[in-house]
Amino acid sequence: MVIRRSAAAACAAVLLTGLGLPAHAQVSPSAAPASSFGWNLLSTGSTDQFRGLAAVDARVAWVSGESGTVLRTTNGGTNWRDVSPPAAAGLALRDIEAWDGQHAVALSIGYGKHSSIFTTNDGGVTWTRTFTNHNANAFYDCMAFSDDGTGLALSDPVNGHFRLAVSHDRGQSWSLLVPRYIPPALDGEFAFAASGTCLVAGPDHTFWIASGGDHPRVYRSINGGVTWTVARTPIRGGASAGIYSIAFHGHVLGVAVGGDYADPTNREAAAATSADAGEHWTLSTRQVGGYRSGVDYVTAKIVVAVGPTGSDVSRDGGVTWTTFDDQWYDGVHCADDGTCWASGTEGKVAVLQH
């Protein structure tokens with residue numbers, strides 16, 4: 001039903017390439033030029049679809065794919081090394097987090113034991129499975145780490161609440177976290193494993209969760225997941241719609257993108273911003289070019305979003321968007337040095353030029 005499943009990605013591809021869905025006329029196209037932005041496509045030597053992406057800096061990046069593939073570059077994408085975890089063969093690695101060229105953590109999705117976490121401390125030469133989901137009803141979608149190495153991994157709701165695992169050592173060990181309080185999930189509420197960004201971390205043990213379903217919401221914790229608050233958003237909801245990716249700049253500036261992967265050219269209510277740490281959300285006045293699965297800040301003002309029908313840039317913090325590319329990318333991640341990487345289908349990895 002939703003993009004959490006591997007079959008959903010194939011469904012979206014059929015919708016885009018086979019059916020040729022028309023653009024929705026009720027929302028006018030972006031008008032402002034974005035000619036100074038573009039993607040420099042790199043050769044990875046792979047044909048896997050890379051939804052997981054970790055940008056360390058201009059030289060180091062990691063990607064993870066639908067077939068258990070992990071690639072790493074330490075020279076800006078000139079060369080890529082296949083460092084796939086042997087135990088992850090055939091698993092969909094939808095999220096990868098990394099601190100440098102040696103230390104990374106990858107998450108596979110699925111019900112039961114298909115949801116696992118793998119950790120490497122030697123650049124992918126060896127991997128250790130540090131977490132295995134033993135609950136048949138849990139489905140882990142994404143994970144995030146704060147600066148001190150505190151990490152959370154997020155599962156779709158089990159028994160009416162989102163389920164969390166916590167690590168205090170950058171993924172070397174995990175345990176289930178039972179929050180003192182987390183608002184109940186709404187009927188049909190879930191998270192999307194589209195690009196590993198349904199859960200993100202901010203300063204001072206702040207974490208945000210983005211949800212999909214009929215009423216897309218954003219959850220916030222300021223104490224490492226112990227307690228949570230939740231806010232409704234104006235992002236369009238539905239059985240396969242909602243927030244697919246969320247990003248924050250500092251403590252308060254936030255942007256959320258999504259839409260409906262089953263209606264990928266529909267621009268309506270697919271992007272929104274927050275100026276108060278996610279307590280309130282406002283729709284962008286000029287929307288992204290369709291369903292978007294990844295978003296990140298280049299600076300406090302410049303934001304980039306990607307999806308199956310193209311990429312968009314905002315120069316005003318997500319208030320207005322302009323489409324600048326028509327290629328399929330699933331994820332985007334901007335490193336602290338300002339280098340932005342994107343990853344997607346058919347082994348595509350690119351670096352933003354602007």
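Student: Is W99 buried or exposed, or something in between?
Tutor: W99 is partly exposed, since its relative accessible area is 22%. Buried means under 20% relative accessible area, exposed means over 50%, and partly exposed is in between, with a 1.4 Å probe and protein chains only. Keep in mind that this is a predicted model, where local features need pLDDT of at least 70, side-chain atom pairs count only at pLDDT 80 or more, and totals for chains, interfaces and linings use all residues. Residues are numbered from 1 along each chain as its sequence is written, and side-chain values use heavy atoms, with hydrogens and water left out.

Student: OK, and how many aromatic pairs are there?
Tutor: The count is 16 aromatic pairs. The rule takes rings of Phe, Tyr and Trp (its six-membered ring) with centres within 6.5 Å; planes under 30 degrees apart are stacked, over 60 edge-to-face, and the rest tilted.

Student: Why is the pair of W99 and F145 called edge-to-face?
Tutor: Because the planes of those two rings stand at 75 degrees, with the centres 5.0 Å apart.

Student: Where do W99 and F145 sit in the chain?
Tutor: They link distant parts of the chain, 46 residues apart. W99 is in the loop between strand 6 (93-98) and strand 7 (104-108), while F145 is in strand 11 (residues 139-145). Strands here are DSSP runs (E, at least two residues) and helices are too (H or I, at least four), numbered from the N terminus.

Student: And F145, buried or exposed?
Tutor: F145 is buried, at a relative accessible area of 12%.

Student: What about Y244 and Y291, how are their rings placed?
Tutor: Their centres are 4.7 Å apart and their planes are at 65 degrees, so that pair is edge-to-face. Y244 belongs to strand 19 (residues 241-249), and Y291 to the loop between strand 22 (282-283) and strand 23 (294-297), 47 residues apart. Both Y244 and Y291 are buried.

Student: Switching topic: which charged residue sits over the ring of W62?
Tutor: That's R72, whose charged end is 6.0 Å from the ring centre. K348 lies over the face of Y329, 5.6 Å from the centre of that ring. The rule for a charge over a ring is NZ of Lys or CZ of Arg within 6 Å of the ring centre and within 35 degrees of the ring normal.

Student: How many disulfides does the rule give?
Tutor: Two disulfides, where the cut-off is a pair of cysteine sulfur atoms within 2.5 Å. C142 and C198 form one, with sulfur atoms 1.8 Å apart. At -105 degrees about the S-S bond, that link is left-handed. C142 is in strand 11 and C198 in the loop between strand 14 (175-177) and strand 15 (199-201), 56 residues apart.

Student: And what is the handedness of the link of C334 and C340?
Tutor: It's right-handed, with 105 degrees about the S-S bond. The sulfur atoms of C334 and C340 are 2.0 Å apart, and both cysteines are buried. C142 and C198 are buried as well.

Student: Zooming out, how many helices and strands are there?
Tutor: The protein has one helix and 29 strands. Of its 354 residues, 62% count as buried. Its C-alpha atoms fill a box of roughly 50 × 45 × 40 Å along the principal axes.
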